[in-house]
Amino acid sequence: MTNGGLARTFWQTADSGFSHINYTSYLGGEKGLMSRWKSEWLDRWAKGGWLRGKRVGDYGIGAGLLGKLLCTNYSIARYVGMDIAARQLEAAAILLESLAACPRTLILQSGTPDFSTLGLDVLISQQVIQHFPSQSYVDSWLSAVETARIPKVFLEVRYAHEARFSNWGNANHDKDSTQAEKENIIDTKQTMNAHVDTRNYDAISFAVMLNCEYILQRMPSYKLEGKWFTSKGYKRTKFQACALAQKTV
């Protein structure tokens, strides 16, 4: 099974709170989570109201709560929500159905995404890249964003001064892992058989830790408009916001 297949299997069955389709668990409820997003990054990034009338993509959407916030508070023209798990899209469809003024497109993502066909003005992916199953998966995804030339991109990542990857989706990784890495990835036999132990979320939570500079190296047509730390994460980690824009010729 490919990295993408393993990831899809996990997110289709993972705990609903961990998957952000149940906001009443450790996430603190819809209102609390939206308030946190606004204060930590969204109001700062969207200052001046420039999101109004934009076609905004959201990758890794959970139940679509960010789409609700963007439609109701920032007057976007269309919300384009993408996820690799059908369960998340079904939950998002239910949540967004109650909003009269929220034109939307929900896409079940399979394989490397082709963002260039979506006509996006903006792409957002918040605290999602941290879960990607391998470095090659991360680099392919960033390459797809680079190719699409989306004018504005916002990525929120679990920060590390030097990028590191658990490669939980790579069945061969265990051969070369240090003991510390082995303790932080899912058992190789489970991974190979796609029977992911949903009780062991550390391997997924800390799968990818990197920084804005790593992203820029793989997206050379972009410039960094701003970077800042947002929230503190589990096990003394922290998240970094990377606000990017296409370079002008």
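Predicted model: local features only at pLDDT ≥ 70, side-chain atom pairs only at ≥ 80, totals over all residues.
Reader: How should I read the cover on one helix, say H3: how many of its ten residues are buried?

Author: Buried means under 20% relative accessible area. By that cut-off, seven of the ten residues of H3 (residues 65-74) are buried, and the helix is mostly covered. The seven are Leu 65, Leu 66, Gly 67, Leu 69, Leu 70, Cys 71 and Tyr 74.

Reader: What covers the buried residues of H3?

Author: The cover includes helices H2 (30-45) and H4 (86-97), together with strands S1 (55-59), S2 (78-83) and S4 (122-126).

Reader: How are H2 and H3 oriented to each other, and why?

Author: Angles of 65 to 115 degrees count as roughly perpendicular. The axes of H2 and H3 cross at roughly 70 degrees and come within 11 Å, so the two helices are roughly perpendicular to each other. Their crossing is right-handed.

Reader: Which residues meet where H2 contacts H3?

Author: From H2 come Glu 30, Leu 33, Met 34, Trp 37, Lys 38, Trp 41, Leu 42 and Asp 43; from H3, Leu 65, Leu 66, Lys 68, Leu 69, Leu 70, Asn 73 and Tyr 74. Ten of these contact residues are nonpolar, one is polar and four are charged.

Reader: Which residue follows H3, and what is its phi?

Author: Ser 75 follows H3, with a positive phi near 55 degrees.

Technical notes: Residues numbered from 1 in each chain as written. Heavy atoms only, no water. Buried < 20%, exposed > 50% of the residue type's maximum accessible area, 1.4 Å probe, protein only. Helix = DSSP H or I, 4+ residues; strand = E, 2+ residues; numbered from the N terminus. Contact = heavy atoms within 4.5 Å. Axes fitted to C-alpha atoms, helices over the stretch in contact; angles between N-to-C directions. Parallel < 35°, antiparallel > 145°, perpendicular 65-115°, else oblique. Left-handed = near helix turned anticlockwise from the far one by under 90°. Nonpolar A, V, L, I, M, F, W, Y, C, P; charged D, E, K, R; others polar.
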